[in-house]
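Please read them alongside the coordinates.

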Amino acid sequence: MLKWLIKLINLLFYSNLWIALAALAMTMQTQLLLLRKVIYTPYLPFLFFGSLFLYALHRIVGLEKAKPFLKTGRYGVITAFKRHIQLYAAIAALASSYFFFSLPLRIQLSLILPALLSLGYVIPILSGKKRLRDIHFIKVFLIAFVWSWLTVFMPAYVLGLEQHLSTMLIFLERTCFIFAISIPFDIRDLEIDDFNQVKTIPGRYGIKKSKAIALVALAMALFFVWLNFKVDGIGLPTLLAWGLGALGAGLLICYSTPNRHDYYYTGLLDGSMIFQAMAIYFASQF
């Protein structure tokens, strides 16, 4: 029974369904914050399948950058199921393409920049077979910007609310929040980044200071949520729900260490996005 449970968890996490669900949850959270409800648009399945494709591609390409680690931890699982991941990537690419061409032209054009940055993040497009994420210190900033663009600006743009004050505050909050929960992944990857000679915040400033930087970013995110509350962009239940999600994320940041099991990062830290969206959904019912 335990063996099958582990296989199911590995399927959920390393097929990239979990992170794709997190991207979808963050996008739906933006709708909840702006409209107090979730409405269907072709952008929702596009983002889900697009995230599934990009992260599957990231897993596959990443194996080339982690050859000494292929038999251990998450890389051992990814190596074992490489063909499965390739299949998921192909299916997701077809599905995301279908929904992309279902979108209005203005939405398609607005997706060009984040799409190029996302592909450059996972595909070696720079000299020396380097990806954008291999540029010193850029990884967490790039992740924060692209995730905020795709899960805040784009769904707001689809709804015609991109210039709304609340949208701007949500964008700033999301950028700080994603930045905060991305730093622990650099703590996890210290050994691999050192092998690839990639400088990161934890590699430069150490684990303790990096956690402090992440917590400051989380506090800044809370500040923007509070501003959104003060301008009547959100209600008190939503403010409290976001605070509950931030508390959980803050605790996960504090207890991040390089030797923790990858379920802690891929499962719990990525899952903090899903938990926060669920908390805000329930808060929106009041």
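1. Aspartate 189 and arginine 74 are both buried, where buried means under 20% relative accessible area, exposed over 50% and partly exposed in between (1.4 Å probe, protein chains only). Their side chains meet in a salt bridge at 2.8 Å, N to O; the term requires a side-chain nitrogen of Lys or Arg within 4 Å of a carboxyl oxygen of Asp or Glu. This pair links distant parts of the chain, 115 residues apart: aspartate 189 sits in the loop between helix H9 (165-188) and helix H10 (190-195), and arginine 74 in helix H4 (residues 73-80). Helices are DSSP runs (H or I, at least four residues), numbered from the N terminus.

2. This is a predicted model, in which local features need pLDDT of at least 70 and side-chain atom pairs pLDDT 80 or more, while totals for chains, interfaces and linings use all residues. Residues are numbered from 1 along each chain as its sequence is written, and side-chain values use heavy atoms, without hydrogens and water.

3. Aspartate 189 also forms a salt bridge with arginine 188, again given as 2.8 Å, N to O, and both residues are buried. Arg74, Arg188, Asp189 and Asp262 are linked in a network of salt bridges. The whole structure holds 8 salt bridges.

4. Arginine 174 and glutamate 173 form a salt bridge with the closest N and O atoms 3.9 Å apart. Arginine 174 is buried at 0% relative accessibility, and glutamate 173 is buried at 3%.

5. Helix H3 (residues 43-62) has 20 residues and reaches 27 Å from first C-alpha to last, close to the expected 28 Å, which is 1.5 Å times one less than its number of residues. Of its 20 residues, 17 are buried, so H3 is largely enclosed by the rest of the structure.

Key
Helix = DSSP H or I, 4+ residues; strand = E, 2+ residues; numbered from the N terminus.
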